[in-house]
Amino acid sequence: MNETDLRDALREHAESFKPDVGWLTRIPAPGRTWKRRAIAVSPLVAAAAAAATILAPVYLHPDGASQSEIRGHSPALVTQPIRIQLAGYAPPIHGAIPKPLEKHLTCMRTHGYDLPDPTWTGHGWSMFVQDPRQLGFGTQRWKRTAFVTCALTRRDGGRFHELPDVLMHPRPRLGR
Amino acid sequence: MTSSVQEDAVPARVTSSSNASAIAELYLHHAEYFGRVAFLLTDSNEQAQDIVQDAFARLAGRFHRIRDPMAMRAYVRKTIVNLAINHYRKRETERSYLRSSATMPAPAAYEVDVESRRDIIQALRSLTPRQRAAVVLRYYEDLPEAEIAQLLHCPLGTVKSTLSRALSALRITLDEGEANE
């Protein structure tokens with residue numbers, strides 16, 4: 001076999017390429033690959049957005065500030081005393097703090113956040129924090145501890161992805 | 001030469017027309033030719049069509065960055081070679097799995113019936129993906145070795161040795177086929 005034989009063989013074999021009817025008219029659309037990538041990324045973005053939306057209302061500012069306003073505060077700016085409202089927890093049972101909330105507070109304190117005892121306002125539980133900066137309120141570490149490590153509605157062995165569902169309906173699941 | 005005809009067929013007004021129509025024009029001019037190249041690389045009509053479609057779709061995504069029509073051809077060719085090599089590797093992995101399960105004969109067991117062009121194509125299947133790509137680019141597309149080196153991301157010397165080994169492997173396979181008869 002010499003190079004000419006090889007060339008001829010390749011040319012002959014290439015001629016046996018028979019595309020499907022209509023293949024030549026199916027012109028690839030611009031941006032097709034981009035769309036594929038967008039589809040691949042979108043579930044992650046959607047999941048992150050959903051988690052942020054569900055977790056954000058857990059800690060609310062009591063003075064009528066919107067959630068976005070609170071999120072807009074950098075930890076360094078929160079220097080004034082604040083009141084942290086804890087949403088979604090049961091009212092006091094015979095004057096006592098509900099067990100899940102108590103667990104949460106204990107956990108936070110164990111992790112170095114000296115939270116004061118919450119008080120029942122009639123709409124929910126709230127805590128008055130004299131020096132949020134010293135407490136570390138709003139820092140990444142605080143958020144991780146409050147929302148993940150000490151998420152009081154997290155069941156034993158529960159995963160983070162179960163958290164949103166549990167947070168929305170804490171009371172019916174307490175018995176589990 | 002097939003390739004030189006195709007080079008001349010590059011539409012001169014590709015850069016002046018809109019993206020979609022330019023892609024369409026380019027596709028209509030070159031899809032069949034590149035389909036043949038992909039077919040030689042993959043040995044499959046369906047895979048060849050998919051690879052060409054994919055290559056042009058990728059070109060469409062980056063169209064605004066490429067202004068030179070010749071660069072577009074080079075981009076498509078490069079994409080096709082890369083996709084074909086990847087496809088070939090995947091197929092080899094599947095084959096090796098099947099081989100280990102003893103459900104399919106090894107490629108070395110391909111029988112070469114008679115000394116003909118068909119046998120050469122059969123022997124081509126015994127080459128590695130890179131060797132096969134180098135052979136197709138050199139002997140079907142008639143690309144200079146330097147350009148093949150760019151396409152395959154390797155030094156010129158490597159292309160030369162790859163081609164040399166590929167031809168030796170083809171000859172050995174054909175000789176073995178003759179000896180078995």
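Select chain A and chain B together and begin at their interface, where about 3,300 Å² is buried between the two chains, 65% of it on carbon and sulfur atoms. Buried area here is the accessible area (1.4 Å probe) lost by two parts on being put together, summed over both. Within chain B, B:Gln49, B:Arg117 and B:Tyr139 give up the most area to chain A, together 20% of what that side buries. The model is a predicted one, in which local features need pLDDT of at least 70 and side-chain atom pairs count only at pLDDT 80 or more, while totals for chains, interfaces and linings use all residues. Residues are numbered from 1 along each chain as its sequence is written, chains are lettered from A and ligands numbered from 1 in the order in which they are written, and side-chain values use heavy atoms, with hydrogens and water left out.

**The interface**

Next, select the residues in contact across the interface, contact meaning heavy atoms within 4.5 Å. The selection holds 41 residues of chain B and 30 residues of chain A. Seven residue pairs across the interface are in polar contact, both residues being at pLDDT 80 or more. A polar contact is a pair of N or O atoms within 3.5 Å; within protein, one must be able to donate a hydrogen and the other to accept it, and residues adjacent in sequence count only if both atoms are side-chain atoms.

On the side of chain B that touches chain A, α2 (19-42), α3 (45-61), α5 (117-124), α6 and α8 each supply at least two residues. That side of chain B divides into 24 nonpolar, six polar and 11 charged residues. In this division Ala, Val, Leu, Ile, Met, Phe, Trp, Tyr, Cys and Pro count as nonpolar, Asp, Glu, Lys and Arg as charged, and the others, Gly among them, as polar.

The interface of chain B and chain A also has two salt bridges. The term denotes a side-chain nitrogen of Lys or Arg within 4 Å of a carboxyl oxygen of Asp or Glu. Display the side chains of B:Asp142 and A:Arg7, which meet in a salt bridge at 2.3 Å, N to O.

Remain at B:Asp142, which lies in the loop between α6 (129-139) and α7 (145-151) of chain B. This residue is partly exposed, at a relative accessible area of 21%; buried means under 20%, exposed over 50% and partly exposed in between (1.4 Å probe, protein chains only). B:Asp142 has a positive phi of about 55 degrees although it is not a glycine. Most residues other than glycine have a negative phi.

Then move to B:His153, in the loop between α7 and α8 (156-180) of chain B. B:His153 likewise has a positive phi, near 55 degrees, and it is exposed, with 62% relative accessibility.

**Salt bridges along the helices**

Select B:Glu32 and B:Arg36, whose side chains meet in a salt bridge (3.6 Å, N to O). Because these two residues are four apart in helix α2 of chain B, about one helical turn separates them. B:Glu32 is partly exposed at 32%, whereas B:Arg36 is buried at 14%.

Helix α3 of chain B holds B:Arg58 and B:Asp54, four residues apart, about one turn of the helix. Their side chains form a salt bridge at 3.8 Å, N to O. B:Arg58 is partly exposed, at 32% relative accessibility, and B:Asp54 is buried, at 14%.

In chain A, select A:Asp117 and A:Arg109, which are joined by a salt bridge of 2.9 Å, N to O. A:Asp117 is exposed at 54%, while A:Arg109 is partly exposed at 32%. Over all chains, the structure holds nine salt bridges.

**Each chain as a whole**

Finally, colour by secondary structure; helices (H or I, at least four residues) and strands (E, at least two) are DSSP runs, numbered from the N terminus. Chain B shows eight helices and zero strands, and 49% of its 181 residues are buried. Chain A has seven helices and four strands, in the order α-α-β-α-β-α-β-β-α-α-α from the N terminus. Of the 176 residues in chain A, 32% are buried.
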